[in-house]
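Please read the numbered points with the sequence and the model in view.

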Amino acid sequence: MTSKNTDPFPIKQIRSDFPILSEKIYGKPLVYLDNGASTQKPIQVIKAISGVYENKYANVHRGVHYLSQVATDEMEAAREKVRGFINARSEREVIFVRGATEGINLVASSWGKANLTAGDEIILSQMEHHSNIVPWQLIANATGAIIKVIPIDDSGELEMDVFRSLLSEKTKMVAITHVSNALGTIVPLKQMIKESHDTGALVLVDGCQAAPHLQVDVQKLDADFYVFSGHKIYGPSGIGILYGKETLLEAMPPYQGGGDMIDTVSFSGSTWADLPFKFEAGTPNIADAIGMGNAIDYISTLGLPAIIEYENALLSYATEKLQAINSLKIVGNATEKAAIISFVMGDIHPHDIGTILDRQGVAVRTGHHCAQPVMERYDVPATARASFALYNTFEEIDSLAVSLAKVQEIFG
Ligand code: C6P
């Protein structure tokens, strides 16, 4: 796509950008509704990545030779695109990591070791992905810090009064998702960040499920740290972003040591490179960082407001369609939701639902979605989850509904 598309949403053109969408699965057209796990890639991103290896590839930040300069310029241009995408103040605040998981581990480990002591408190929520639980458990075990948990109510919203009662001068970090991957809930982040700051706590936001579906402005949110993954925003896997406020990143010790993250090295001691390189030890994922920049170009060309409007219409339509299926119960009915419907159907195991849908060419995720505390909260072993992206259509939702009716028929 070369020009800014507004109204109507250019769905035909978009679908033709994603080669995989014309694949047949068991002879049926692919209906890809597992976008929460990972999105498919447009040809613009695929070509950009192969283009790096074809004629722009060399190691970055090291060589004076031509190709090294080209690769470095492309990678730093991608960093600038990410900066603009989340409205960070400076490129120094944008760290390339392997993905959201590594970003959270980096903060929990580096910031945690330097700032947490026994009795300090970290607040998480019951709707966190394991990636935003386990790194905090590791650092809590190492430092004696204590984890407190904000519960979820029946509709899938956070119990804000409990959150407020948990906040105290002992709270050092609130680590919270922006959008729940298991429920679709959009968390009232701005308010939570303000209230956390008012008590002196920092906030890390897991933006994995928000970055593809919401306009993220880290300055407006006043987030201290914000992480997300390239593969969920139509970019490659193995690349992601840790945003951190410059003053906080400056004060944190390096996470990993190696090449590129140092200023000087000697056996009497080493000094660190400036941000963002202090946190980027070793040869980075050059081609995928560049590819992530192209994914951001793709989203920006369409414009997030148009994407949000279209995806909200898809979500409303799908919610209505699925609610009309007798035995189907949606898990997570928050007022503010994004692009995700988790559901169960009576006693039918979600894996059976997923398998039958798969035979119809419909890809959904089934399981605990790496959010076991959510499953525990709603007393289900697993759910089936349909998650939408900018290339899905209303007809695909019809196909999902027809396939689910088949599931109901098979199981009586
Ligand atoms: N959720 C899902 O199917 P990585 O693996 O680092 O790119 O992302 C981890 C992660 C962290 N937070 C949230 C809210 C997430 O949704 C995910 C990834 C996928 O829901 C795979 S488990």
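**Note on domains and aromatic rings**

1. One salt bridge is found across the interface of domain 1 and domain 2. A salt bridge here is a side-chain nitrogen of Lys or Arg within 4 Å of a carboxyl oxygen of Asp or Glu. The side chains of Asp154 and Arg377 form a salt bridge, with 2.7 Å from N to O. Arg377 also lies over the face of Tyr378, 4.9 Å from the ring centre.

2. The model is predicted: local features need pLDDT of at least 70 and side-chain atom pairs count only at pLDDT 80 or more, whereas totals for chains, interfaces and linings use all residues. Residues are numbered from 1 along each chain as its sequence is written, and side-chain values use heavy atoms, with hydrogens and water left out.

3. Domain 1 comprises 11-42 + 303-411, and domain 2 comprises 47-300; these bounds come from an automatic or database domain assignment. The domain centres, taken over C-alpha atoms, are 28 Å apart. To the contact (heavy atoms within 4.5 Å), domain 1 gives 42 residues and domain 2 gives 35 residues.

4. How much area is buried between domain 1 and domain 2? The value is about 3,100 Å², and carbon and sulfur atoms give 54% of it. Buried area is the accessible area (1.4 Å probe) that two parts lose on being put together, summed over both.

5. The structure contains ten aromatic pairs. Rings of Phe, Tyr and Trp (its six-membered ring) pair if their centres lie within 6.5 Å; planes under 30 degrees apart count as stacked, over 60 as edge-to-face and the rest as tilted. Phe85 and Phe228 form a tilted pair, at 6.1 Å centre to centre and 50 degrees between the planes. This pair links distant parts of the chain, 143 residues apart: Phe85 is in helix α3 (residues 66-86) and Phe228 in strand β9 (residues 225-229). Helices (H or I, at least four residues) and strands (E, at least two) are DSSP runs, numbered from the N terminus. Phe85 and Phe228 are both buried, where buried means under 20% relative accessible area, exposed over 50% and partly exposed in between (1.4 Å probe, protein chains only).

6. Why is the pair of Tyr234 and Tyr391 edge-to-face? The ring centres are 5.9 Å apart and the planes stand at 75 degrees, so the pair is edge-to-face. Both Tyr234 and Tyr391 are buried.

7. One aromatic cluster is formed by Phe9, Tyr310, Tyr317 and Phe394. Elsewhere, Arg359 lies over the face of Tyr26, at 4.0 Å from the ring centre. A charge sits over a ring if NZ of Lys or CZ of Arg is within 6 Å of the ring centre and within 35 degrees of the ring normal.
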